[in-house]
Amino acid sequence: MTYARTEPTDQEPDIRARPPLVREFLLVAGLFLAYKFGRRAANGHVEEAFRNAGNVWDLERALHLPGEGAVQGLLLHSQPLIHAANTYYAAVHFPATALFLVWLYWRRPRHYVRSRRVLAALTAAALVLHLLFPLAPPRMLPVAGLVDTGQLYGPTVYGQTPATDTMANQFAAMPSLHVGWAVMVAVGLIVATRSRWRWLWLLHPALTLLVVVGTANHYWLDAIVVGAMLAVALAVFRLPLSARTTPARLPRPAPCGSGEGSPVPAYAGGAGPRAFASAAPAGSPGPATVPGTFAAAGSPPSSGTAGPATGADAGSQAPARAGAVR
């Protein structure tokens, strides 16, 4: 009988599955630098970015998606709330993802390898889309009627002049890596842990989605597109079987009277009439012969099983059995 454990089985770190630390540090740092330089290389497509922004806005209205202004209106009711949203957007994105990878590397090496591959593939695909489809965020689109909350209330990670910003590419709204990385952090921690509270990690991508939309840094479609890309990456880079589920086999109970396990008592069929005969005191009469059994001095039939007597055998055995029981 088998059953499948749905909880992670590598609660203790598997040191053999942990990649070399220096190599991983250089690899992650190299991927991050390549992404930053790639985003900067996508700068300069201002007219195309605004044209694409108008198309995305029209498509969202055609799909009857809720307006981004509804979320921003809720945040603008409180200056501390909008300041907290700006801080979450600026300060949580990279540190949360970095801590996620560090914890997986130390505590769940097999999950770390898969998560690092998924994040690398997602980021590379996003960079390609940034190059092919530059997109101005909704805070820059006049028809949207939204405000740049980062510039008005702070803090912000972007310069005041998007076209000459040397720190970041402000025309790379599609897809939203803020949302994509946050969803991957939640999924990775849910899969790699056993706590009944692990589903609360979904609050991180939920808050991230509200923040990126409410601060007018991303459209709803930016989050939808990155969700589809992440689903593909998760399907391609699957966890190894040993890190997902391992079948556990329960011990099969020994059949009664099979001789395995505890000894079977004589009265249950484990010993013949000779055992009773040898255990009887000296001078006492022998054991009574029960119908269907053989006397102590006799020997069992060669077949080992007592079948129904037929013909002459039945006639010869009947008087003996009748005389045995008096």
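Reader: Over the ring of which residue does the charged end of R61 sit?

Author: The model discussed here is predicted. For a charge to count as sitting over a ring, CZ of Arg must be within 6 Å of the ring centre and within 35 degrees of the ring normal. The charged end of R61 lies 4.1 Å from the centre of the ring in question, and that ring belongs to W57.

Reader: How many helices and how many strands does the protein chain have?

Author: The elements are counted along the protein chain, whose length is 326 residues. The count gives 2 strands, and the number of helices is 13.

Reader: Is Q72 buried or exposed?

Author: Q72 belongs to helix α3, which covers residues 68–75. Leaving aside residues up to four places away in sequence, Q72 touches L146, V147, T149, G214, T215 and A216. Its relative accessible area is 3%, and the cut-off for the buried class is under 20%. Q72 is therefore buried.

Reader: How many residues apart are F50 and F171?

Author: F50 is in helix α2 (residues 46–62), while F171 lies in the loop between α7 (149–153) and α8 (177–192). The pair thus links distant parts of the chain, and the separation is 121 residues.

Reader: Which residue forms an aromatic pair with F94?

Author: The two rings are 5.5 Å apart, centre to centre, with 80° between the planes, an edge-to-face arrangement. F94 is in helix α5 (residues 93–107), and its partner is in helix α8, 87 residues apart from it. The partner of F94 is W181.

Reader: Why does W181 count as buried?

Author: F94, at 35% relative accessibility, counts as partly exposed. The buried class requires a relative accessible area under 20%. W181 counts as buried because its relative accessible area is 9%.

How values were computed
Residues are numbered from 1 along each chain as its sequence is written. This is a predicted model: local features need pLDDT of at least 70, side-chain atom pairs count only at pLDDT 80 or more; totals for chains, interfaces and linings use all residues. Side-chain values use heavy atoms; hydrogens and water are left out. Helices (H or I, at least four residues) and strands (E, at least two) are DSSP runs, numbered from the N terminus. Buried means under 20% relative accessible area, exposed over 50%, partly exposed in between (1.4 Å probe, protein chains only). Contact means heavy atoms within 4.5 Å. Rings of Phe, Tyr and Trp (its six-membered ring) pair if their centres lie within 6.5 Å; planes under 30 degrees apart count as stacked, over 60 as edge-to-face and the rest as tilted.
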